[in-house]
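I opened the notebook to keep track of what I look up here. Each entry takes one part of the chain.

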Amino acid sequence: MSLSHKRQTREIITKAICGKGRKFSTATHTVTPPHHPTSILGAWIINHQYEAVAAGNGIEVIGTYDVNIWYSYDKNKQTEVAKETVSYVELIPLSYLDPRHRASTVEVSAEATQEPNCVEAGVSPGGGSVTLRVEREFEAELVAETKVRVYVSDQADDLEDKDYDFDGESFDYDDLDPDALDDEL
């Protein structure tokens, strides 16, 4: 089967990144330790675990982490560490989404670009609990099957002419992300 000398295109179905998003957020948590705290000596977050799931036009990150608060009580005479597990759901909107992706093939992933970190901790005005402010940031991707159009030719010299018209469609190369290119190609 030979191709005519006329330019032709083919559509290839491939897996590609069809959506991307990033979100920075802060959350405030209140922890009530067994004793009324006098002062906060330290606060940290450990055991962060999360998973990503597709949710409409975004990606939900569902996770947990342990909050540890080292505090003094009894007028700064004794110390103790209060521990509490916090659950959260973070919706990451997609700043880019290819509307032509095949929804049945969607796979999502998320990466914590900034692990949850306690940036402020203090005794609440009533004195019976501790208020913490936590920052976190996620980057998410949606991978799915989509179509790409390629030029097909049986003539080696056809490559000289690079002014192709793909059915009059215009392409917007401003949406391409150069950071998404694989350096190992």
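**Entry 1**

I started with D74, which sits in the loop between β3 and β4 (78–93). The model is predicted, so I read every value as computed from it. The phi of D74 is near 55 degrees. That is a positive value in a residue other than glycine. Is D74 buried, partly exposed or exposed? Its relative accessible area is 41%, so D74 is partly exposed.

I then looked up N47. N47 also has a positive phi, about 55 degrees, although it is not a glycine. N47 has its place in a strand, β2.

**Entry 1: a nonpolar patch**

Next I looked for nonpolar side chains on the surface. L41, W44, I46, W70 and V81 form a patch there. Together they have about 420 Å² of accessible area. Which strand gives the patch its largest share? I found that it is β2, residues 37–55, with 3 residues.

W70 belongs to another part of the chain: I located it in strand β3, residues 58–73. With 37% relative accessibility, W70 counts as partly exposed. The patch cut-off is over 30% relative accessible area, so W70 passes it at 37%.

**Entry 2: the open sheet**

I traced a sheet next. It is open and has 4 strands, in the order β5-β1-β7-β6. The pairing is antiparallel. Which strands stand at the edges? They are β5 (96–97) and β6 (107–123). Each has a single partner strand, so one side of each has no neighbour in the sheet.

I checked the pair β1 and β7. They pair in the antiparallel sense over 23 bridges. In one of these positions, E11 has R149 in β7 as its bridge partner.

I also checked β6 against β7, residues 130–152. The two run antiparallel and are joined by 13 bridges. I noted C118 opposite V134 of β7. I noted A121 opposite L132, also in β7. The hairpin of β6 and β7 has 6 residues between the strands. In this hairpin, G127 takes a positive phi near 90 degrees.

L97 has a relative accessible area of 28%, which makes it partly exposed. What does L97 touch beyond residues up to four places away in sequence? The list is C18, G19, N57 and L142.

I also looked up L97 with G21. They are 76 residues apart in sequence. In space, their C-alpha atoms are 9.0 Å apart.

**Entry 3: salt bridges**

How many salt bridges does a search of the whole structure find? The search gives 12. I followed up some of them.

I took K20 and E141 to begin with. Their closest N and O atoms are 3.9 Å apart. The salt bridge cut-off is 4 Å, so this pair counts at 3.9 Å. K20 lies in strand β1 (residues 8–31) and E141 in strand β7. The pair links distant parts of the chain, 121 residues apart. K20 is partly exposed at 22% relative accessibility. E141 is partly exposed too, at 24%.

Then I took R22 and E139. Their closest N and O atoms are 2.8 Å apart, and they form a salt bridge. This pair also runs from β1 to β7, with R22 in β1 and E139 in β7. The two residues are 117 apart in the chain. I read 46% relative accessible area for R22, which is partly exposed. E139 is partly exposed at 31%.

My next pair was R133 and E120. They form a salt bridge with the closest N and O atoms 3.3 Å apart. R133 lies in β7 and E120 in β6, so the pair ties together parts that are 13 residues apart in sequence. R133 counts as partly exposed at 32% relative accessibility. E120 counts as partly exposed at 48%.

Last, I noted a network. Salt bridges that share partners join E11, K147 and R149.

Terms used: Residues numbered from 1 in each chain as written. Predicted model: local features only at pLDDT ≥ 70, side-chain atom pairs only at ≥ 80, totals over all residues. Heavy atoms only, no water. Patch = residues over 30% accessible without salt bridge, like charges linked within 9 Å, V, L, I, M, F, W, Y side chains within 5 Å. Areas by Shrake-Rupley, 256 points an atom, 1.4 Å probe, with all protein chains shown as cover. Buried < 20%, exposed > 50% of the residue type's maximum accessible area, 1.4 Å probe, protein only. Pairing = 2+ DSSP bridges. Contact = heavy atoms within 4.5 Å.
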